[in-house]
Structure formats: C-alpha cells, structure tokens
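I opened this entry to record what I looked up in the structure. My notes follow in the order in which I took them.

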Amino acid sequence: RAVYLSEDVVLFAATNRFLGKLWEISLRGAVNQSVVDVTFGQHTPTNAMAYARARIPDVPVTHLSVSQSETFLLVGFVDGKTWALPLANMNFYVEMCCADCNAGVRSLAMTRDDNHVLVGGQDGGLYTVGFQGRALRACVEAIENNTSEELPDFTEIVATNSDDFRVVKKDEWDLPALEKSSNDGAVQESVDIVDPDSYSIQDAKLKIEEENAQAAAERQKRRVRERVRELRKELEEYQKQNEELPSLHRLSAEEMTVDPEYVRFLNKEMEARVQEVKQELAWSVEHAELGVSKLKDRFLNALDFERLEVRAFNIPSRVATFRCQAMSEELQENLAKLHDLICSVEDVSESDSDSEDDMSASGPRQGRTAGSPMNRTSVGIKEQTGAVAHTIQGAGEGGQLTSAQQ
C-alpha cells in the first residue's frame, strides 16, 4: 500500500523483511519514461533512498490514506485494527479496533473537521468512531513541550479540546432533494442553476485542482520542516555526545562537517541570491533615499534649531525652544571676520596698556602724535571694523536676521 504525500514523495508500507515500518521515498531524481516509448517492464529502474518514517505492527497493511484535512495518516491492518498518525509527528498514534480480526479493514475515511472516522471492514460492517483530532494534536503538543518526567494529564487536555457530539434529527439532515415523478411516471425536469456566482462543472474542477495543488504544496512544506527538525535533533545529539568525549578524541566543528564543499556552495549560492535581491531593489532604495534627502534639504537643513517642547508630569508646565532659521554662508563669513578684528583690537589695546605702564615706570609720559604707528594701526582697525559691521547690517536687513542671531 502506498500514498502520495506530494507530487514526488511517496509513503508506503512494505512486506517481508521490511514489514513493520512506514517508508518514505522521493521520486524527484527518477526519469520520466512513457509506455509508448518503452515497453512496460522493460524500463531502466532508478535507484532511490528510502527511510523509515514510523514504526507499525508487524502485520500486513490493507489500507493507507490521508485525511481530507491532510493532517492525519489512516492505516488499516489485516487484524482489524486502525491507526491514525499525525503527519506532523508520526511518533504518536491512536489505535481503534472495529473490524473483524479475521477479515481486516477494507476502507477508511475521516471527516473534514477530524472529529469522526468511518471504518469499513472486510466483513461488510461500517463503523463510525468519534475521533477528536484537535484533542489528539493538543496531547501531542503537550508531550513534546513536557520537560518533567511525569506525563501530562491527558484527561483534562481531551476534555478541554473536545467538541461535543450533537445528535441531529433526521428531518434536520441537509440532504439533496430527490427528483419526484409525476402521476404518469414521467420524471420531472431538473431545476436549472441560474445563480451567476455558482461554479460551473469546469470551474469547479479547476477549483478542486487548484486546492489540491495548494494542499500538496503545504503538505510538502510540512514534510520538509519535519525532516529538517529531525535532522537538527539528530545533529544536536551527536554534538552532545562529541562534547562528552575526552579532549583527545573530540572532533572540532570543521571535522564534524561531512561535506565542506557543499557548505561553501550553499553559502556562495546564498550570497548570489542576496546580490540579486540588492540589484532588484537598488532603484527603489535610491529613490527612497533621494526623497528623504530632498525633504531634509527643504525643511531641516535651513534650520539651526527645531522646535522642541518638554512637558512636566505633575504640574501643567512646559518649556519649548524657538524654531531658528540658519544664517547664510556670506553672513557667517562676515561674522567670522568681525570676530577676528575684535580679537585683534583687544590684543592691540592690551599691548598699549602694557607700553604705557612701562613708560610711566621709566619716565615722564609723552603724548603721541596722530601720525604715530600705534595711532595709524588703531585707526585702520576701526575703519575695517566699521566696514564689516556695515556689511553685516546690510546682510541682516536682506536676510531678516533675528535678534537672537545678532
């Protein structure tokens, strides 16, 4: 018995020495060969690796299928037992004994809400079993997340996550209406479908195929995630065993890498994909950065200070700064010249005071003439200071210089 988990992954139950396990095999590397080109049975087989996914009783399997919700795997045995295994973790199962032990299980089906299982036995019996799939998934999660040695209380978990079984009267059943015949025995014509929103036969078929493809893709994703989880757990166990070994026999991280070349290939491929994504998003990034820079130039770069406001918690008080416009470059250059001239005047005045002190100490004070070098220097500095001040005043009038900046 076998069932497809995806387009190229098959889960099957073998016989003989492979009895007692469910095996998974990938057909991704197999070559497609048509019966028209190659006679059936004469084709060249392709070698593929199969690995065990779950352990089952050592009895032949008579039925193998996936539930409608694609959450559980249904397995029927020749001894009448039925197993339901969560596809997310096939280490757990629920066993149901319904059919005759001598005939076995013929067919199995589960409702869409995973609450009931229909079992068809080889002896002709049809059985309905309350399954409660949501409660089973909750129990599995509780076991996986349990860190203590004691098992969780499954009775409470099942009672919390179970759905009540509601008995529906026969007249409340939602069944399609039967075609009624007239008195003369002629069958009445069927009612036409006039609703424009209803699916046609072709649309319904396409819709079903699309849903099946999406379900197969989701199922494949779950299989891959589960396989990766198993491999990660196995690697962690090996690493733990390696750490417990003596330092002389312990392997390094490089030595535990089975295929370094494959790891380098994966890293190179990942970097190539990252560069490809960066190239695809380069225009968008440049466009966004250019827009932000234009906004900054328009609203923020022309300011010296933005308006900031600080509020108190306990009292209705607040303090705010002024939104101050920045000075032009020409005005800043003139202010710098003015500051230099003021500093030079202060230096000259200090030197004059020092020389006067020296002269008073050495002899009687003599007056300076207007043409002396000291007076000429002072007059030149005052004239330059006046010119710079006049320039700054004109720039202030043209640029609307505030009192704080002056």
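I began with the open sheet of three strands, whose order is β9-β10-β11 with antiparallel pairing; two strands pair if DSSP finds at least two bridges between them. I noted that β9 (105-110) and β11 (126-130) stand at the edges with a single partner strand each, so one side of each has no neighbour in the sheet. The twist from one strand to the next averages 20 degrees, taken between lines fitted to C-alpha atoms, with angles running from 0 to 180 degrees between N-to-C directions.

The model is predicted: local features need pLDDT of at least 70, side-chain atom pairs count only at pLDDT 80 or more, and totals for chains, interfaces and linings use all residues. Residues are numbered from 1 along each chain as its sequence is written, and side-chain values use heavy atoms, with hydrogens and water left out.

I then looked up the pairing of β9 with β10 (residues 116-121): five bridges join these antiparallel strands. L108 stands opposite V119 in β10.

Next I turned to T82, which lies in strand β7 (residues 81-86); strands are DSSP runs of E, at least two residues, and helices runs of H or I, at least four, numbered from the N terminus. T82 has a relative accessible area of 0% and is buried (under 20%). Beyond its neighbours within four places in sequence, T82 is in contact (heavy atoms within 4.5 Å) with V75, V94, E95, M96, V105, L108 and V119.

Last, I recorded that helix α4 (residues 260-299) has 40 residues and spans 54 Å from first C-alpha to last, close to the expected 58 Å (1.5 Å times one less than its number of residues).

Notes:
Buried < 20%, exposed > 50% of the residue type's maximum accessible area, 1.4 Å probe, protein only.
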